[in-house]
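Dear colleague,

Please find below the structure that I am handing over to you.

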Amino acid sequence: MGKHEKRQRKKRLKKQIGGLIEQQEKHQEKLETGKFREDYQKDTTPEYWKREMENQQRQIEEKTELLKKLAGKKKDKGA
């Protein structure tokens, strides 16, 4: 993987993390304001939004780890 590709990957990962955080905030707002369907269909219950937030948090952690690994590789090469 070339220098340019690594830089692009880091940039893409940071953007994905930002998007996931934004989605979590939207889901949290839905939970706080109760803005989900009143008929409580399968995908619109408060439990659904909580699970979505948990999944997004897991994805954020995974992507953060990837960023750390990419940054660690750069330090190892310079030594």
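To begin with helix α2, Arg58 and Glu62 both belong to this helix and stand four residues apart, about one turn of the helix. Please note that the model is a predicted one. The side chains of Arg58 and Glu62 meet in a salt bridge, at 3.1 Å from N to O. Arg58 is partly exposed, at 39% relative accessibility, and Glu62 is likewise partly exposed, at 42%.

The structure holds three salt bridges. Another one joins Lys68 and Glu65, with 3.9 Å from N to O; these two residues also lie in helix α2, three residues apart. Lys68 counts as exposed because its relative accessible area, 54%, is over 50%. Glu65, at 40%, is partly exposed.

In helix α1, Glu22 and Lys26 are four residues apart. Their salt bridge has its closest N and O atoms 3.8 Å apart. Glu22 has a relative accessible area of 44% and Lys26 one of 43%.

Leu20, leaving aside its neighbours within four places in sequence, is in contact with Gln56, Gln59, Ile60 and Lys63.

Gln56 lies in helix α2, which spans residues 46-78. Gln56 counts as buried because its relative accessibility, 7%, is under 20%. Beyond residues up to four places away in sequence, Gln56 touches Leu20, Gln23, Gln24 and His27.

With kind regards

Notes
Residues are numbered from 1 along each chain as its sequence is written. This is a predicted model: local features need pLDDT of at least 70, side-chain atom pairs count only at pLDDT 80 or more; totals for chains, interfaces and linings use all residues. Side-chain values use heavy atoms; hydrogens and water are left out. Buried means under 20% relative accessible area, exposed over 50%, partly exposed in between (1.4 Å probe, protein chains only). Contact means heavy atoms within 4.5 Å. A salt bridge is a side-chain nitrogen of Lys or Arg within 4 Å of a carboxyl oxygen of Asp or Glu.
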